[in-house]
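This report concerns aromatic rings and the charges placed over them. Please consult the sequence and the structure shown here before reading on.

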Amino acid sequence: MKKPDFKIKIKKKEKKADESQAKARRFSLSHVDKDSPIEMTGLVFIILLALVFIGNIVLPDSKFSADENRVFQQFPKLSPMTYIEGRFESKLDDYASDQFMFRKAFIKIKTSSDQAVGKLESNGVYKCRDHYLMEQIEAPDKSQLRKDERLLKLFKRQYPNVDMYFLLAPNAASIYSDKLPLTVAMNDQDYYMNNFFKSVVKAGITPIDVRQTFINNKKKTQLYYRTDHHWTSEGAYLAYKNASSVMGLKDDTEYKPYIVSNDFKGTLYSKSGFTNGRDDKISVYLPTSSGYKNSVIYYSDTKEKTTEFYKLKNLKKKDAYTVFGGSNHPFYTITTPIKSKKNLLIIKDSYANSMIPFFTQSYRKVVVVDPRYYFDDINTVMKANNITDVLFLYNGNTFFTDTALAMMLS
């Protein structure tokens, strides 16, 4: 009896299997044509990339972000010095980040995906307890800070008879550190501020330190906005009372806060994309004392003359914080018909905007300069306005990353 040939049967099975696999491959390849979802998706992706690339080249660069309340990086100028020092590459990175097409939409998409997986940080902003959004504490650039300190000392030496003060405001993450996520470790702003205050004392400038005042009042007063990097009007008024004591101002004017907005969403809300579930209120302080003297404000950049410190129409704008004097003006003056013959120069960032009106009852003239936008000679301002007092007013994060003050003083 002839035995069955198992080898032949196995070979036939293998041949059939090979033929089936070949058919499957031919079937799959025949269906991956130009209309397939895979190729269509790839084609759409390539087209989108091309459109974004062309858009980034063709569209004009944005100069200012109302959402983040900051100036966007412009295309940096290339020079041998900036290339060698690495500043060109750094600014080019910032430029690419700031001027990216659909930047705002991408931030929101990224934030939504981050929140879905439980992330508490977006674009340098942290989601904190009690619906607060807070920025990282910035560490100072040591060489830039030494330059600032040296120029401040020279400026004071140039005007020995002028009383000078420096109010460096702490940021929310420093005062409200108990509201930060447990996993977040911030830079030590107290350490930076303590060292800086020691330096200005040696230069002959009087520091105004509001930290203890804020710590004493933080449980009963909302010192900072939940969605914005600025202090509130309440925080600014407490800082003013502290400053007036240090500066020896005899101001007995009484004020009352009035809420003018209940739906303020600030720069941190826009910058991060976090929806914190609670909007901020904005208050303005109005005098209740009968002896209050009205002031005349003149904005040199817009040629506007007014007696109103608060731009209530700006409450309808994206950046409602501009209710305090409007935008960041490079230079303006405030004159008040009071008996005092003293004139105050305020060199500042935007933290000062909600605090400036309080000084008008102690100085006949207040001159306000924002070094980020002012490019004329500060010595001309000092002499032309017969300045008797100078107040530098910055928040820690802005000052420790700032280069504009040194440019102006030098």
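## Aromatic contacts

Over the ring of Tyr176 sits the charged end of Lys179, 5.5 Å from the ring centre. A charge sits over a ring if NZ of Lys or CZ of Arg is within 6 Å of the ring centre and within 35 degrees of the ring normal. Lys265 likewise places its charged end over the ring of Tyr269, 5.8 Å from the centre.

The model is predicted: local features need pLDDT of at least 70 and side-chain atom pairs pLDDT 80 or more, whereas totals for chains, interfaces and linings use all residues. Residues are numbered from 1 along each chain as its sequence is written, and side-chain values use heavy atoms, without hydrogens and water.

The structure holds 31 aromatic pairs, in which the ring centres of Phe, Tyr or Trp (its six-membered ring) lie within 6.5 Å; planes under 30 degrees apart count as stacked, over 60 as edge-to-face and the rest as tilted. Two of these pairs are tabulated.

| Pair | Geometry | Centre to centre | Angle between planes |
|---|---|---|---|
| Tyr192 and Phe400 | edge-to-face | 6.0 Å | 70 degrees |
| Phe196 and Phe399 | tilted | 4.8 Å | 55 degrees |

Tyr192 belongs to helix H8 (residues 189-203) and Phe400 to the loop between helices H13 (396-399) and H14 (404-409), so their pair ties together parts 208 residues apart in sequence. Helices are DSSP runs (H or I, at least four residues), numbered from the N terminus. Tyr192 counts as buried at 16% relative accessibility, as does Phe400 at 5%; buried means under 20% relative accessible area (1.4 Å probe, protein chains only).

Phe196 lies in helix H8 and Phe399 in helix H13, so this pair links parts 203 residues apart in sequence. Both Phe196 and Phe399 are buried. One aromatic cluster includes Tyr192, Phe196, Phe399 and Phe400, with Phe155 and Tyr159 also among its members.

Notes
Helix = DSSP H or I, 4+ residues; strand = E, 2+ residues; numbered from the N terminus. Buried < 20%, exposed > 50% of the residue type's maximum accessible area, 1.4 Å probe, protein only.
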